[in-house]
Amino acid sequence: MLLQVDGLRKTFGRRVAVDGVGFSLDVGEIVGFLGPNGAGKTTTMRMIAGYLEPDEGAAKVFNIDVARERRRAQERVGYLPEGAPLYGEMTPWTFLRFVGEARGMTREAARHAVRRAAQDTRLGDTIDQPIETLSKGFRRRVGLASALLHDPLLLVLDEPTDGLDPNQRHSVRDLIRRLGQDRGLIISTHSLEEVEAVCTRAIIIDQGRIVADAAPAALAGEHGSLEKAFEALTRGEERA
Ligand SMILES: Nc1ncnc2c1ncn2[C@@H]1O[C@H](COP(=O)(O)OP(=O)(O)O)[C@@H](O)[C@H]1O
Ligand SMILES: [Mg+2]
């Protein structure tokens with residue numbers, strides 16, 4: 001199993017952000033995390049990626065407990081945080097090499113990894129242009145390339161198409177579909193249409209709990225549409 005998540009729970013003060021989340025994931029699956037703002041998607045993803053320790057429960061990547069053996073687990077996970085920071089004055093080439101070397105790669109290994117990730121994300125000629133001069137779509141690809149650099153089998157992407165125009169969104173979706181063929185992917189999104197277009201599976205989260213875990217078409221079939229499923233299964237209101 002690529003990923004096994006059991007009984008994850010996280011509280012912030014008195015707010016229960018994640019309340020017993022469990023599921024497993026295999027290679028070839030593209031899971032869409034859906035849920036109202038504040039449902040607990042980002043918190044769950046951060047625990048899976050090893051950037052936040054759960055209060056209870058565990059995430060295991062290839063049977064490696066992420067909280068107990070964070071480094072080893074993180075070697076197998078690529079994580080794109082919400083609004084990932086990039087260094088505008090660097091080019092993708094220098095930025096990605098910097099990320100690779102910061103991860104402990106030798107200069108040669110980093111060069112090799114950057115070349116591969118740049119190809120995978122179709123960076124093309126933009127590889128040598130300052131990041132601040134790139135379109136939002138290409139900047140997002142640079143973020144994706146940095147998550148892919150160490151060639152992880154599990155990718156956790158927090159709102160990877162947020163803020164992109166329809167064309168950019170389309171090409172990032174194509175990219176996600178392609179990346180998902182020989183990896184396991186989790187993406188969070190507010191777009192039900194995106195889940196229907198790229199995900200093999202939808203996990204709907206509401207108030208820190210999974211309220212549905214099924215193929216998008218199955219949920220749509222059961223409720224009339226994915227939108228109706230979402231409305232029926234979530235309270236639909238935002239939590240502060
Ligand atoms: N670092 C934090 N400190 C305090 N509360 C937080 C923190 N991170 C998230 N929360 C709270 O946890 C809940 C879940 O947030 P989040 O996981 O970001 O939801 P989502 O990504 O689904 O919008 C929200 O109520 C949010 O305000
Ligand atoms: Mg979020």
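Two residues are in contact if their C-beta atoms, placed from the backbone, lie within 7 Å. With that in hand, welcome to the views below. This is a predicted model, in which local features need pLDDT of at least 70, side-chain atom pairs count only at pLDDT 80 or more, and totals for chains, interfaces and linings use all residues. Residues are numbered from 1 along each chain as its sequence is written, while chains are lettered from A and ligands numbered from 1 in the order in which they are written.

View 1. Helices (H or I, at least four residues) and strands (E, at least two) are DSSP runs, numbered from the N terminus. Of the contacts between residues at least 6 apart in sequence, 66% join residues at least 24 apart. The C-alpha trace spans about 50 × 40 × 35 Å along its principal axes. A compact globule of 240 residues would have a radius of gyration near 18 Å, and the chain agrees because its own value is 18 Å. That radius is taken over C-alpha atoms, and the globule rule is 2.2 Å times the number of residues to the power 0.38.

**View 2. The shell around ligand 1, made of twelve residues.** Phe12, Ala17, Lys41, Thr42 and Thr43 are the closest; a residue is near a molecule if its C-beta atom, placed from the backbone, lies within 6 Å of it. β2 (15–25) and α1 (41–49) each supply at least two residues of this shell, and α1 gives the largest share, three residues. By class, the shell has three nonpolar, six polar and three charged residues. Here Ala, Val, Leu, Ile, Met, Phe, Trp, Tyr, Cys and Pro count as nonpolar, Asp, Glu, Lys and Arg as charged, and the others, Gly among them, as polar.

View 3. Ten residues of domain 1 are in contact with eight residues of domain 2. On the domain 1 side, β7 (154–158) and α6 (166–179) are the elements that give two or more residues, with the largest share, four residues, coming from α6. That side has six nonpolar, three polar and one charged residues.

**View 4. Phenylalanine 138 in helix α5 (residues 136–148).** Phenylalanine 138 counts as buried because 21 other C-beta atoms lie within 10 Å; the cut-off is 20 or more within 10 Å of a residue's own C-beta atom, with 12 or fewer for exposed and partly exposed in between, C-beta atoms being placed from the backbone.
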